[in-house]
Amino acid sequence: MLDIKLLRDSPTEVSDALNNKGYLLDIKKFTEIDLKRKTLQIDVESLQSERKTLSNKFAELKKSGASTDVLKSDIDKINDSLKVGEEGLKSIQTELEIFLLDIPNIPHPNAPLGSSENDNVVIRKFGEPSSSNTKDHIEIARDIDSELAVKLSGTRFSVLRNDIAKLQRGLIDLMLNLAIKNGYQEHYVPFIANADSLQATGQLPKFEEDLFKLSNDMYLIPTAEVPLTNLFRNTINDSADLPIKLTAHTPCFRSEAGSYGKDTKGLIRQHQFEKVELVQIVHPDYSYDALDGLLANAEEVLQVLELPYQVVELCSGDLGFTAAKTYDIEVWMPSQNKYREISSCSNFLDFQARRGKIRLKDGKDKVFAHTINGSALAAGRALIAVIENNFDGKTSIKVPQALVKFMDKTHIDLT
């Protein structure tokens, strides 16, 4: 959530910045709502003050034995007016909150300008991509079975078997071990979250259709970012304890509404997939340095696996709702002859912290923390990349050296 003071003091500047993100800020509507709120608040506070004055007089009259009938009638009228005023104020405050919750984060002023992923900027590359393999992961590995999953759950699910299932488990183990090595505290968290948690991290109310909703206003988590960040919702933390670095492996559940062509087959775009998430809660002065560090932590996984990848900075129009700056890591997919996203590493500044009331003691002051997060990595897409980049074109998949000990073999036999 944006600082409302920023909207009040610099509405045109905020509007211009959000326009770069493709969001049209209705300044007139905001001004009208905020003015009405201010007027009602002044009226309510005035009535409360008047009631307090009359109540003091009432007590004095009653103590002296004088008649309080007229004064009681005046107080009753004020109470009636106050009830109406407080209900009106509560209603307009709710309207203002709904308006604010719809506004995305402001992009970093140096974010590349653009309207789509075509305007993203490649920052660096690692490794040499190969285009010799034209078979995709479904054609290569019979133990990835999407058809069997249809019987169990429907489309956009998969069943993994034997060495392929073990390979994904090994990838997750590797990712967690690297995260722990880099100072992240491992957590096991619930896979179901309440609406308050999802509102704090920005999925609600705007993106409810992307979630799997359960009964009693509960949801399956779309990412471990939600429970990890919300561990610190409604807390005040000491700046000396920062940065707070958290990691967790969880399944992730997304409705993935709409059609995505070939991505609906295989492991690219699933309703359920595995991820290892990195989350940091940091001091506002150091969040961009922390983002660079988190990005390096995510890249390390691909480097250890010796998978070709590139890092791109997202343009203003391709940034997510909550992000001020995002770097995507895209791994090489030989069958598609292109790089595909495997991680997004983002700085949310104080956007989530305001929604979730995550604050810091900074000397004598209390300030909102900054939050950053990224995947390290999406396990299903890492599995695809390992399979396709290490397929010999015939009957086997080379196991990355970092996973040989885990797999107890150097090759997966496909015969």
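Figure 1. L314 is buried, with a relative accessible area of 5%; buried means under 20% relative accessible area, exposed over 50% and partly exposed in between, computed with a 1.4 Å probe on protein chains only. The structure is a predicted model, in which local features need pLDDT of at least 70 and side-chain atom pairs count only at pLDDT 80 or more, whereas totals for chains, interfaces and linings use all residues. Residues are numbered from 1 along each chain as its sequence is written, and side-chain values use heavy atoms, with hydrogens and water left out. L314 belongs to the loop between β10 (309–313) and β11 (325–333). Helices (H or I, at least four residues) and strands (E, at least two) are DSSP runs, numbered from the N terminus. Apart from residues up to four places away in sequence, L314 touches A111, P112, N120, L319, T326 and D328; a contact means heavy atoms within 4.5 Å. The C-alpha atoms of L314 and K325 are separated by 7.3 Å, and these residues lie 11 residues apart along the chain.

**Figure 2. Surroundings of G202.** The loop between α8 (195–201) and β6 (218–220) contains G202. With a relative accessible area of 4%, G202 is buried. When residues up to four places away in sequence are not counted, G202 touches F207, F321, T322 and R355. Of these, T322 is 120 residues apart from G202 along the chain, yet their C-alpha atoms are separated by 6.3 Å.

**Figure 3. N347 in strand β12.** Strand β12 (residues 338–347) includes N347. N347 counts as buried, at 0% relative accessibility. Its contacts, leaving aside neighbours within four places in sequence, are S287, Y288, L291, A323, A324, K325, T371 and I372.

**Figure 4. Packing of helices α7 and α10.** Two packed helices are described by the angle between their axes and the distance between the axes. Helix α7 (residues 162–181) packs against helix α10 (residues 287–304) at an angle of about 135 degrees, with the axes 10 Å apart. This makes α7 oblique to α10, because angles under 35 degrees count as roughly parallel, over 145 as roughly antiparallel, 65 to 115 as roughly perpendicular and the rest as oblique. The axes are lines fitted to C-alpha atoms, for helices over the stretch in contact, and angles run from 0 to 180 degrees between N-to-C directions. The crossing of α7 and α10 is right-handed; a crossing is left-handed if the near helix is turned anticlockwise from the far one by less than a right angle, and right-handed if clockwise. On α7 the contact involves L174, M175, L178 and K181, and on α10 it involves E300, V301 and V304. The residues of this contact comprise 5 nonpolar, no polar and 2 charged. Ala, Val, Leu, Ile, Met, Phe, Trp, Tyr, Cys and Pro count as nonpolar, Asp, Glu, Lys and Arg as charged, and the others, Gly among them, as polar.

Figure 5. A search of the whole structure finds 0 disulfides, a disulfide being a pair of cysteine sulfur atoms within 2.5 Å. For C252, the closest cysteine sulfur is that of C345, at 14 Å, which is too far for a bond. C315 is likewise in no disulfide, and its nearest cysteine sulfur, in C345, is 17 Å away. C252 is buried, with a relative accessible area of 0%, and C315 counts as buried at 0% relative accessibility.
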